[in-house]
Structures are given as structure tokens and as C-alpha cells.
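Please look through the sequence and the 3D structure shown here, and keep both in view while you read.

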Amino acid sequence: MSPQATLLSLGVLLLLAAGVTFLAVNWDNLSVPIQASIIATLAALAFAGSVPAGKTKLAGTAEALAILGTGLLTVDLYGARELGLISPATIDGLTYAGLAAAAIATVNLLMSRIAPKVVTYGVAAVIIGQLPLPLILVNRVNLATFLFGLLIQVVITFFWSAKGTRFIRTTGVVCAAAVFWTLLIIGCGRVFLGLLALDSPRTQRSFLEDLFDGSLPGDVFGSLSGDVVGSPLSPVLATTAVVCLAAFTGIVLLRRIALPRAFPPALGESLCAAAAAFAVATCLPQIPDAGRWLTTAAATLLALAALLRTRRTGVLTIALETAAVVVASINLLVCLVRLDVLQLGLISAIAAGLALIAAWRKAIDPCTAAITAGFTAQLAIILVTFDGLFTLWTGAILLALVAATATAIACVAPAVPLERALLSTAASAAALAEIVILLESATTGTGVILTITAAPLVAYGMRPHRREALLIAGLLLAIANTAFVLGAGATTIEWFTLPPAAVVLALGLLAWRDQPSWVYLGPGLLLGLVPSTLVANSNEDYLRTTFVVAAAVLIILIGSRHSLQAPFLIGAAVLLKITLWQFLEVAPLIPRWITLGTAGLILLTVGATYERRLQNAKHAARWVAALR
């Protein structure tokens, strides 16, 4: 520093010290206007001194003088009203504070043009410039207008600060972001509290009404009790519209700046979309009657828009996905709180459809889609049946159709995991269908459900590695037949045995013809003939006996013709039982000498031809053993 500059600096310091000493001694003796004039003069001197200091290498001195001038101006404007220079009756406190902040911000803005190298002026203009509009509007307008004013301020701050230095740009972005998120939080909170008051008990609702109407200045947070002009829903709708506009504006502004690399990509856009979606999802349920349907429709449309987009990346896709998740989650929570069973059923059905669309668009794995679609469809049917929209019969049949559809798709499933997923879904749907129908009709209903469930299992089991499914299908059809017979009140045993026997024979012929006859024919023949043979024990039951004998002769002939062991032996055993039983029934009526004579003749005949009969028996045994 040159000697001249040193002398000038010392002179200024001495004059300032003299002035401060004079003021300290005589301050209380001065009137308020003179005090205000003195502080204003000192602020002006500080502002003026920062200009030449900013043009030289005295940057620190310039910043200090700028801070001093701004502080003195703030104190001067604040003290003018507090000390009575400006009467409180003339202007209210919030309005005066807003005007004072506007004056300070304006002075700093002008000084930033005069001394652009002084950073303090630009930063102070940006920061203090956030205060006037909220302070002036807070006591005069409703919440929607207030938030819209803040949004305009955010846009102005963003674009104005973008023209400044790097430090001013950073300050402007930070201030704009702070006001912006405050705007979104207040707006979303107002809409949410409206929904909370709508669904709260009367005591809590009265508390919220008092909170909105009396504990906050003006009508900033609207009214729940209808004091505002128009419908009580109007403030909620207006606030939601402003929040959505702010979110859209935020997404547009975010495209003009680069966030730090530490932040995940598209974080800001996702948060904006989430805020708008939250406001919409909490606003729509407050609309009478149609609100719940509108919320579900909005979530569905957002999900479809996200799934059907050609591009899987990009800001719009992320925003749509975020909005869809938020709206769907809020809608689900609202329906759970309100116990809206019908709406929950609709949501489950829509989720099933969206899962299939997502699999078609290859957004999720086919196994995940199959499990999600299957179980959500079952949940939807259960819920709407519980709500009374469907009868128990309708609900059970729909669940059985879900099981049948899943099994049918499993028949052509390209991969084992998908096949297993579909079969697990089918098993669950069949079990639920049976549980539901038991509440309505334990006999006929069970028969219908099991028949629907078993039908596609037959097609599924046609492949060699799936033959076990045919056994399950046969068992289900047998149980279904029994249920039908019990429901009809029939007592004839053939109603219980012949239809299942026919099913088992058909399944055996379809899938196990390459196995021994005891595997694919034996179970069906035994089930169809043995019970009837056992009860055919009376001469009065001649019709059953006739048919049993005819069937036995028929299968013996079939077994002999095609070299099948099972039909031949089963038919022979049936004929032997019928013959012996008939003989035992008529034996007491035959004279004893005839019985004894017949036995003797048989023994004589066998004894006389013993060697030939023995060879015939061995030959017959070898022939029977050679049958398949």
C-alpha cells in the first residue's frame, strides 16, 4: 500500500471513529427521524464506498462495506416502524416487512449493476428477493393463489440468477429449489389434510377445520368448512392444479441445469412427478361418488402409458412410472382405509391385466407375470364375491375357470418354470373355488367345480412326462361324479362306479397303451365290475346279474382276441363268483344224492384222465402267463 493510500485509510478510520463516538454520546438526545437519517446516511456511505473498493484490489473491503450497508439499511427500515416513525395502524406488519424486503432487494439489485464485482449485492438480492411476495400475499389471498405466486417467483429467480456470476447462479438455484419444494410440500399437505379430514371421525375433523380456519393467518390454507366462495372442494382442486403446474414447471427447469453427479439420474424429475401424483391421488378421492373410480382410472392410465411407451428410458418414462406407482399406492391405501371392497376387487383385476400387458411388452419375467396375474385375478373374484356383486355360484365358477385357463396355458408353456408357475396358480384357484362352493352347494356345486378343473388336466397329461396329471384328473372326475350322484339322491351303486370306471379306462387307453394291460385296463375294469359283482347276490337282482355276466363275457372275448391278461382274468373271476354264488343259492334245493353223485362222477373223470388234464392245465397256465 502506498503512503498516500495509507494516510487516506487512516483518515477515514479516524473520521468513522469520531462519528461513532459522537453518536454513542448523543444518540438518545436525537429524534427518531434524525436517527433514521443518520443510519440511512451511513448505509449510503457504505454502499458508495464499496464501489471504488470493488474496482480496485480491495475486494474484501468492498464485500465488508456491502454487508455493512445492507445490514444498516435493514436495521433502519425495521427500526423506523418499531420506533413509531411509521404508524402500525397505517400498514400491517407482514405487508411492511414485505415492502421493506423489496426495498432492500431492489437496492442490492441496483448496486449489483453498479458494482458487478461485489458478490454480496447479487447474493443479497437473490436471497432477500424471496421474501417480499410471500409476505405481501400471505394475508390477502387463498392458498392456490399464494402457491401460484411462489411458482412465478421461482421462475423469475431461476432465469434472473442464470444471467449472473457462477456464485449468483448457484445461490439462485438453491433459493429457487428451496421455495419450489416448500411450495410442493405445502400444496400436497393441504390436499392430504383435506382427505384426512374427510375420512376422519367428527372430533378430528372439527380439529382440522379449526386449524385451517383460525390458527393460520388469512385463507392461506383454505377452508374445509365451506367458508370460501364456491364448493368446499374448490380450494382442493385449485391447489392440486397449482401443484401439478409447479411439478411440470420443475421438470422443464430441471432440463436446463445439470445436477451434481452424486445425485441419481432423473432424481429431480421423479420427485416432481411424485409430488404431482400425490396431489392428484389425494384430491380425486375427495370428489363425491365418482372420486374412487377416477383415482383407479388415473392409476390405470398412467400404468398403461408407461408400459406401452416405445422408449423404455428417458425422463418421460421415469416420470410416468413414478406417477403410476404413487397414484396406485395412495389409491390402494385409501380403499383399505375406507374398506371399499368392490374397489379393491377392481384394482386386483386391473393388476392382473397390467401384469399380462407387462409380460407382453417384456417388462417383467413371464413367471412373475403368470403368478401376479393368476393370484390377483383370484383375489379380485374373492373380493367382489364377498362384496355381493357376484353370487357364490358365480364366484366359484369364475375361480374354477381361472384354474382351467392356467392349466390350459401350461399345456403349451415353453419353459418348465413358467409351467410350474401356472400350475401353482391353477391349484390355488381350484382350492379357493371348492372352498367358496362348499358354502353354497357341497354336492352338485363340488361336482361342477371339479369337472371344470379336471377337464384341462386331461389335455395337460397327454405328454409322456406329464402322465401323473391324468391320475389327478381321473381322481377329480371320480369325486365329481360321486358329488353329482349324492346331490341327485341316487342309491344305485353303478352310478358311483361306472362313470369313474369309464374315465379311468379312457385315460389308460390314451396314455398307457404301451404298458401291460393291468396298468391301463386293470384299474378301470376292477372299478367298474367288482362292486357290481359283489352286490349281485340274489336271484331277485336278475337285471344286474345279467349285465355283469354279459360284461364279463365281453371282456373275456376281448382279452382272448387281443392277448390281454387283465380283461381275461378279471372277466373269468367275475363269472366264477357269479356261478359259485348262484350254485350256493340253489344248492339247498337239490337232493343230496344228486350232489353226491355229481361229485363222484367228477372225481372219476378227473382220475381217469389225470395226465391229460394236468398237461391241459399247464398249457392253460402258460397261455395265461403269456398274455400282455
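Predicted model: local features only at pLDDT ≥ 70, side-chain atom pairs only at ≥ 80, totals over all residues.

Residues are numbered from 1 along each chain as its sequence is written, and side-chain values use heavy atoms, with hydrogens and water left out.

The secondary structure of the protein chain consists of 26 helices and 0 strands, where helices (H or I, at least four residues) and strands (E, at least two) are DSSP runs numbered from the N terminus. Of the 628 residues in the chain, 39% are buried, a word that here means under 20% relative accessible area, with exposed meaning over 50% and partly exposed in between (1.4 Å probe, protein chains only). Among contacts (heavy atoms within 4.5 Å) with a separation of 6 or more, 66% are between residues 24 or more positions apart.

Two packed helices are described by the angle between their axes and the distance between the axes. The axes are lines fitted to C-alpha atoms, for helices over the stretch in contact, and the angles run from 0 to 180 degrees between N-to-C directions. Helix H16 (residues 392-411) packs against helix H17 (residues 416-438) at an angle of about 160 degrees, with the axes 8 Å apart. H16 is therefore roughly antiparallel to H17, since angles over 145 degrees count as roughly antiparallel, under 35 as roughly parallel, 65 to 115 as roughly perpendicular and the rest as oblique. The residues of this contact divide into 19 nonpolar, 1 polar and 1 charged, if Ala, Val, Leu, Ile, Met, Phe, Trp, Tyr, Cys and Pro count as nonpolar, Asp, Glu, Lys and Arg as charged, and the others, Gly among them, as polar.

In the second pair, the axes of helix H5 (residues 119-128) and helix H8 (residues 166-198) come within 9 Å and cross at roughly 15 degrees, which means that H5 is roughly parallel to H8. By class, the contact of H5 with H8 has 7 nonpolar, 3 polar and no charged residues.

Serine 428 lies in helix H17, and its side chain is joined to that of glutamine 378 by a polar contact of 2.8 Å; such a contact is a pair of N or O atoms within 3.5 Å, and within protein one must be able to donate a hydrogen and the other to accept it, while residues adjacent in sequence count only if both atoms are side-chain atoms. Proline 499, in helix H20 (residues 494-511), is partly exposed because its relative accessible area is 30%.
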